[in-house]
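Subject: Structure handover

Hi,

Here is the structure I promised you. Please open it alongside this email and follow along as you read.

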Amino acid sequence: MSTLSQRIRTRSANHSEAAKPPFENEVGKEQDQAQVVHDMQLEATQQAKLFDAQIHKLKKERRFFAKARFLFPLGILLGILLGFILIQPSDFQDIHSNLLLLMEEYDISLRIPDIDLSRVELEWRRFRNNIPEVWKLNNDGREFKAGEAMKARGLTAHYPIVLVPGIVSTGLESWSTSPEYRPFFREKLWGGFNMVSQVIFNREKWISAMMLDPVTGLDPPGVKIRAVEGVGAASSFMTGYWLWSKIVENLAVVNYDTNNLHLAPYDWRLSMWNLEERDGYFSKLKATIEGFKKRQGKKTIIAAHSMGSTSPEHGGGGSHWVENHIESYISIAGTHLGVAKAMAAFLSGEMKDTVQMNPAGAYVLERFFSRKERQKLFCSWAGSASMWIKGGADVWGDANWAPDDDPGSSHTHGELIAFRQAAVPLSAHDITRPTRNMTADDASTWILERTPSTFQKMIWTNYSFGIERNEQVLKKNALDPRKWSNPLEVQLPNAPSMKMICVYGHGKETERSYWYAHGPHDHEESFVEVEPSTCAEPTDKCKHTLRPPLDSTFSRTNWIDADYTQETTTPKVRNGVKMGEGDGTVSLLSLGAMCVEGWKRPRWNPGGIKVTTVELPHQPAPNIPRGGANTSDHVDILGSTGLNELILKVATGVGHEVEDHFVSRIREFAQRVRWD
């Protein structure tokens with residue numbers, strides 16, 4: 001095209017200089033214009049042919065899997081498969097009403113005739129019945145079997161039971177009536193496919209609704225999110241992904257129902273104090289247990305999963321309340337001493353699940369929901385800080401040692417966060433010294449320094465992460481709500497007749513510590529700060545820290561070093577994550593150290609409560625979604641036969657049959673912890 005333009009300019013100049021009669025001049029111009037148009041058409045035709053040739057070449061080079069003839073049928077098959085899993089036969093009757101509601105929302109005026117879908121429903125039901133149960137994610141052929149085995153023994157409901165879900169297990173719904181949030185009213189914003197649609201199509205509004213006020217830790221102005229109530233609140237996360245439903249099904253077989261079974265859902269985003277302050281959660285739970293005792297004359301069994309096992313169960317009713325009201329406490333995959341992935345989430349919005357995604361998935365996640373956005377959301381949920389690492393170097397090790405290090409380890413887990421090098425060359429103006437490797441104590445301080453001061457205040461006024469060895473101080477800590485979620489700083493209740501059972505899985509690689517990379521200082525956009533500060537104690541005013549370079553809100557960027565993988569070393573390193581023992585989410589130390597050693601000591605167990613530890617080996621069936629009967633994954637353990645049988649034995653009055661069972665080296669690891 002540039003040659004053509006030059007030709008046009010040259011001809012125009014030549015014609016302007018030529019002295020010709022007016023008539024000849026006009027004729028010459030018309031001829032030149034015609035020639036120019038002809039040349040342009042020829043050049044355009046040539047370019048079109050060249051473009052078509054390139055497109056044809058690209059189509060030939062494109063793999064079969066990227067072609068429409070493959071992707072289109074694949075999309076149809078995936079849609080049908082999702083239909084098998086998600087669409088229940090009864091859903092067909094709701095299609096007409098849901099379509100009318102959707103049209104009304106978007107002001108679409110169109111009359112839709114009533115259609116009888118009963119025949120479609122019948123055929124769909126018949127079709128689903130022909131699909132093997134193991135390929136329906138919500139059913140795998142084990143429904144009610146553990147309960148039926150107990151019923152065959154003549155066992156029936158004996159003690160009332162309370163189920164306490166873990167973090168993110170409870171569904172959350174909107175009660176906001178502000179105009180901008182009214183479309184969400186009574187809709188699930190956490191759990192269910194409505195959450196998925198909101199995250200995809202209304203992400204900014206969903207994030208603003210799910211975030212808590214950074215100062216109060218409660219609902220922000222105009223927003224009201226509450227936990228879904230009832231057994232269905234945590235039975236399934238969404239259609240096809242069960243949580244507590246297997247346990248509820250088996251309990252129902254031995255005559256449990258809503259009269260002697262209570263699922264205690266809660267807003268897991270809130271700190272323990274705010275959970276009671278806003279929702280009266282622990283007061284309501286206490287009243288429910290007292291109601292069971294009054295109506296049935298029996299103590300209650302509490303079965304708590306994951307973060308739910310760290311919630312205070314002291315009752316607040318006096319020194320003998322637990323002794324008089326709680327028969328047994330079952331901790332299922334309890335996060336007693338914290339979770340390493342929580343530290344990574346607060347620091348950089350990452351964890352093993354995000355850094356080990358394939359490159360395409362990681363790119364989509366980062367573009368759609370970036371690390372900074374995830375970190376900002378996590379840091380508004382003070383409740384998740386109950387999973388902060390507890391006990392420091394005495395429990396998790398130091399630069400030379402960790403209780404769960406394997407012999408011949410090339411790098412200790414005691415350095416919770418380690419750095420290989422600066423991933424991005426630092427500028428000559430960056431005066432900050434290279435970051436050193438950090439133990440659990442160092443990492444806790446370092447991570448807090450990189451969170452907003454509002455989050456620091458929320459942490460120090462609601463939690464404590466140390467270890468207390470003075471028994472007099474431990475007794476006083478029973479009156480300090482900050483200590484209640486840390487078993488190292490508070491004693492078990494004085495309830496000698498109560499039984500405690502720790503049950504968890506083992507045999508699945510679990511993130512234990514990290515290799516991090518860091519770059520130069522970068523402007524921090526995630527948080528809005530009035531002034532940078534660090535809180536030393538909850539009663540103190542925040543002390544000003546040294547400002548970063550240029551006296552501005554800058555911080556050094558840090559992220560898990562996902563480029564570093566070394567499968568031949570001990571411990572294994574996969575995408576910057578150093579792997580250890582556990583249930584796939586929680587480290588073995590956190591799952592079992594208190595159970596086999598800490599609570600065996602009168603210092604933390606003055607009432608002499610009997611603590612039984614049951615380890616379930618992780619032996620998933622490869623051909624069954626979510627592992628089948630012998631899985632012990634952190635979440636999937638809720639559907640395992642071993643756990644269901646254990647809960648049923650305790651609930652039906654034969655809990656004495658439950659005995660210690662070990663498949664790991666937890667007793668060896670726990671003895672290495674510096675308890676004294």
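Serine 485 is buried, because its relative accessible area is 3%, and buried here means under 20%. Keep in mind that this is a predicted model. Serine 485 sits in the loop between α20 (471–477) and β11. Which residues does serine 485 contact, leaving aside its neighbours within four places in sequence? They are Met272, Thr310, Lys390 and Tyr463.

Cysteine 379 is another residue to look up. Its relative accessibility is 9%, so cysteine 379 counts as buried too.

Next, the six-stranded sheet.

Six strands form an open sheet. Their order is β7-β1-β8-β9-β11-β18, and the pairing is parallel. Which strands stand at the edges? They are β7 (261–263) and β18. Each has a single partner strand, so one side of each is left without a neighbour in the sheet. From one strand to the next, the twist averages 15°.

Now walk through the pairings.

- β1 (residues 161–164) pairs with β8 (residues 300–305) in the parallel sense, over four bridges. Leucine 163 has alanine 303 in β8 as its bridge partner.
- β8 and β9 run parallel and are joined by six bridges. Isoleucine 301 has serine 328 in β9 as its bridge partner.
- β9 (residues 326–332) pairs with β11 over five bridges, again in the parallel sense. Serine 328 has lysine 499 in β11 as its bridge partner.
- β11 and β18 (residues 610–617) run parallel, with eight bridges between them. Lysine 499 stands opposite lysine 610 in β18.

Follow serine 328 on screen. Isoleucine 301 is bridged to serine 328, and serine 328 is bridged to lysine 499. From lysine 499 you can go on to lysine 610.

How many residues of β9 are buried? Seven of the seven are, so β9 is largely enclosed by the rest of the structure. In β11 (residues 499–506), seven of the eight residues are buried, so this strand is largely enclosed as well.

Helix α11 (residues 281–296) lies across β1, β7, β8 and β9. It runs at about 160° to β1. Helix α22 (residues 641–651) packs on the sheet and touches β1, β8, β9, β11 and β18. The direction of α22 makes about 170° with that of β9.

Now the disulfide.

A disulfide is a covalent bond between the sulfur atoms of two cysteines. How many does the structure hold? It holds one. The bond joins cysteine 502 to cysteine 595, with an S to S distance of 2.1 Å. Cysteine 502 lies in strand β11 and cysteine 595 in helix α21 (residues 588–596), so the pair ties together parts that are 93 residues apart in sequence. Are these two cysteines buried or exposed? Both cysteine 502 and cysteine 595 are buried. Why is the disulfide called left-handed? The torsion about the S-S bond of cysteine 502 and cysteine 595 is about -85°, so the disulfide is left-handed.

There is a three-stranded sheet as well.

Three strands form an open sheet in the order β3-β2-β4. Here the pairing is antiparallel. The edge strands are β3 (188–190) and β4 (225–227), and each pairs on one side only. The twist averages 40° from one strand to the next. Three bridges join β2 (residues 172–174) to β4, and these strands run antiparallel. Leucine 172 stands opposite alanine 227 in β4.

One more helix, then you are done.

Which residues are buried in helix α8 (residues 203–210)? They are Arg203, Trp206, Ile207, Ala209 and Met210. These residues cover an arc of only 165° around the axis, which puts them on the same side of α8. Turn the model until you look along α8, and check this for yourself.

Best wishes

How values were computed: Residues are numbered from 1 along each chain as its sequence is written. This is a predicted model: local features need pLDDT of at least 70, side-chain atom pairs count only at pLDDT 80 or more; totals for chains, interfaces and linings use all residues. Side-chain values use heavy atoms; hydrogens and water are left out. Buried means under 20% relative accessible area, exposed over 50%, partly exposed in between (1.4 Å probe, protein chains only). Helices (H or I, at least four residues) and strands (E, at least two) are DSSP runs, numbered from the N terminus. Two strands pair if DSSP finds at least two bridges between them. The arc is that of the directions from the helix axis to the C-beta atoms. A disulfide is a pair of cysteine sulfur atoms within 2.5 Å. Contact means heavy atoms within 4.5 Å. Axes are lines fitted to C-alpha atoms, for helices over the stretch in contact, and angles run from 0 to 180 degrees between N-to-C directions.
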